[in-house]
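Biologist: I am new to this structure. Please show me how to read one feature at a time.

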Amino acid sequence: MKNYITFIIICALSLCLSEVSRYLLDLNGLLYKSLMGQLNKEQVDSIFEGVLKWQFLGYLLIPITIFLKTHAIALVLGVGSFFLDVKIAYRKLWNIVLKAEFIFLFVGVMKLVWFGFIRTDFGLEEVETFYPLSMLSMIGDIALEPWYVYPLQVINAFEIVYWIVLALLLDKALNMKKGNLGIKIVATSYGPALLIWVVAVMFFTLNMS
């Protein structure tokens with residue numbers, strides 16, 4: 001039950017952050033302007049009407065995405081624990097991943113602060129691609145091939161903190177006061193899985209572009 005309460009809290013905060021960002025950054029307005037640059041007004045109005053009609057699906061995708069993501073990472077950590085001959089219950093692994101997931105809420109907060117108060121002149125593409133404290137944000141406005149964007153987003157400070165938190169929570173769950181067993185589990189399971197995922201996204205983007 002504790003895991004599901006944590007899951008509900010994460011989903012609620014994510015939904016609130018998404019709605020606040022949509023309102024304060026006027027994401028619907030940015031979408032409309034973006035479409036106007038590519039289509040005529042009648043086409044844009046028709047598409048935008050459909051977007052607004054089915055906008056609620058975006059709210060449903062947030063908990064579904066978080067649920068699948070956290071379970072997938074917990075499963076990967078479970079496989080890593082198995083190969084390192086470490087016994088830990090799956091519910092504990094999911095609890096660890098859920099707690100670590102709170103870190104990524106700060107990405108949305110920083111994004112909101114950045115476009116709300118610092119860089120107030122922005123377009124939809126900038127909002128979609130911007131990832132605070134990432135390699136992509138450090139590179140700046142340099143033109144990049146689309147398939148480079150995601151891996152440069154993944155290399156970020158939040159991801160590093162996420163690894164550290166996962167490792168520390170694993171050590172705590174295993175009652176490890178000293179040693180580096182937690183980081184070993186993360187590095188040998190979540191690390192390769194993340195690399196495979198990034199390569200898969202790059203391959204898909206390359207074939208779609």
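Biologist: Which residue just after H10 takes a positive phi?

Modeller: Asparagine 175 does, at about 60°. This is a predicted model: local features need pLDDT of at least 70, side-chain atom pairs 80 or more, while totals for chains, interfaces and linings use all residues. Residues are numbered from 1 along each chain as its sequence is written, and side-chain values use heavy atoms, leaving out hydrogens and water.

Biologist: Which residues of H10 are buried?

Modeller: An α-helix has 3.6 residues a turn, so residues three or four places apart point the same way. Buried means under 20% relative accessible area (1.4 Å probe, protein chains only). In H10 the buried residues are Phe158, Glu159, Tyr162, Leu166, Ala167, Leu169, Leu170 and Asp171. Their cover includes helices H4 (56-83), H5 (90-101), H6 (105-118), H9 (146-154) and H11 (181-208).

Biologist: What does asparagine 156 reach at the start of H10?

Modeller: A side-chain oxygen of asparagine 156 comes to within 2.9 Å of the backbone nitrogen of phenylalanine 158.

Terms used. Buried means under 20% relative accessible area, exposed over 50%, partly exposed in between (1.4 Å probe, protein chains only). Helices (H or I, at least four residues) and strands (E, at least two) are DSSP runs, numbered from the N terminus. Contact means heavy atoms within 4.5 Å. A polar contact is a pair of N or O atoms within 3.5 Å; within protein, one must be able to donate a hydrogen and the other to accept it, and residues adjacent in sequence count only if both atoms are side-chain atoms.
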